[in-house]
Amino acid sequence: MITLRRTKLDPSWQAIVGQAGGDTARDAVRVLVLKAEGSTPRAAGAAMVVFADDQCGTIGGGRLEFEAAKRARSLLAEDARPWRRHVEAWPLGPNLGQCCGGHVTLLFEVTRADERRSLAAQLSETSEAVALRRRHASGQPPELVTVAAASDSPIVVSDSVVTEAISTPLTPLFLYGAGHVGRALADILQPLDFEIVWVDIARERFPELDTEDDTILDIHRAIAERPDRIAAYAPDDAMHVVVTHDHALDLDICQAVLGRGRPRFLGLIGSETKAERFRRSLAKRGLSADRIADLVCPIGLGQATNKHPHAIAIAVAAQLMEAGDAPSE
């Protein structure tokens with residue numbers, strides 16, 4: 001059965017260690033917003049990776065990013081020592097031509113290919129949420145520690161030691177249905193902090209992929225004649241979105257999810273009429289009114305009238321993010 005990873009590496013570190021299209025063959029400088037005070041384009045923890053001829057990620061764009069990338073390339077050319085770190089204060093005032101008026105402290109970290117491959121090997125051996133700890137002015141490789149040894153904050157700076165959480169917790173999301181709306185939802189949600197289990201009744205209902213692997217980035221495909229049975233494997237903190245091609249399948253899935261206890265979120269595509277019919281059917285199947293009240297239908301923040309699949313997906317994604325930010329009971 002599907003094994004959820006529950007975390008993913010920060011995109012800038014993916015670029016550093018070669019995951020998700022990252023490049024370990026070239027030297028690079030990672031630029032990290034170590035501190036952000038006042039009005040700034042991004043908060044502490046934002047990062048970008050600068051190569052000699054291109055870059056990925058962003059620390060907010062504008063003149064700050066342009067000048068920081070220029071500085072990174074000068075360090076790449078001047079400082080051949082691996083894991084060499086430079087901490088610099090950057091006021092966002094007239095000198096940079098930015099009106100933010102805040103102040104950022106940037107950590108420039110020179111990373112050479114061989115050392116990054118060594119870090120990649122360490123990361124490949126753990127599936128836990130991890131952080132990196134290193135000294136400002138040290139050329140020593142970063143130390144891999146568990147997130148429990150860090151703080152809830154993405155960046156902790158103490159006595160010239162930087163501890164940075166580099167794994168993002170992922171929310172399990174069970175998406176039932178690979179039709180037009182299901183595909184649009186997978187497209188919209190994949191870059192966000194969800195680990196998606198995408199369920200349908202046949203392989204041909206899914207879009208063709210460039211690989212036979214059923215896990216692409218943070219999406220797992222699950223093929224089942226009875227999609228409702230997949231709900232039994234969902235963690236208690238999972239979200240569920242039901243957008244299949246068949247109302248009978250929808251009803252069975254909703255019953256299975258609600259029958260396990262209170263879901264973090266259960267959304268069903270459809271109209272108010274469908275919602276009322278489903279609530280009556282679920283009551284006839286023995287579910288209590290309290291359980292049935294957890295069913296969200298129609299779905300989509302604001303319930304926009306635009307019925308384009310991607311318009312629906314955007315509204316549902318906003319609703320899921322809002323539900324995920326709500327305090328748990």
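This is a predicted model: local features need pLDDT of at least 70, side-chain atom pairs count only at pLDDT 80 or more; totals for chains, interfaces and linings use all residues.

Reader: What makes S15 mostly covered?

Author: Buried means under 20% relative accessible area, and four of the five residues of S15 are buried.

Reader: How do you know that S13 and S15 pair?

Author: Two strands pair if DSSP finds at least two bridges between them. Five bridges join S13 to S15, so they count as paired, and they run parallel. In one of the bridges, Trp 198 has Arg 221 in S15 as its partner.

Reader: Why are the buried residues of H6 said to line one face of the helix?

Author: The residues in question are Lys 274, Ala 275, Phe 278 and Leu 282. Seen down the axis of H6, they fall within an arc of 100 degrees, so they line one face. On the other side, Glu 272, Thr 273 and Lys 284 are exposed, a word that calls for over 50% relative accessible area.

Reader: And what is the span of H6 set against?

Author: H6 has 13 residues, and from its first C-alpha to its last it reaches 19 Å, close to the 18 Å expected at 1.5 Å a residue.

Reader: Which residue with a positive phi follows H6?

Author: That is Gly 286, with phi near 100 degrees.

Terms used
Residues are numbered from 1 along each chain as its sequence is written. Side-chain values use heavy atoms; hydrogens and water are left out. Helices (H or I, at least four residues) and strands (E, at least two) are DSSP runs, numbered from the N terminus. The expected span of a helix is 1.5 Å times one less than its number of residues. Buried means under 20% relative accessible area, exposed over 50%, partly exposed in between (1.4 Å probe, protein chains only). The arc is that of the directions from the helix axis to the C-beta atoms.
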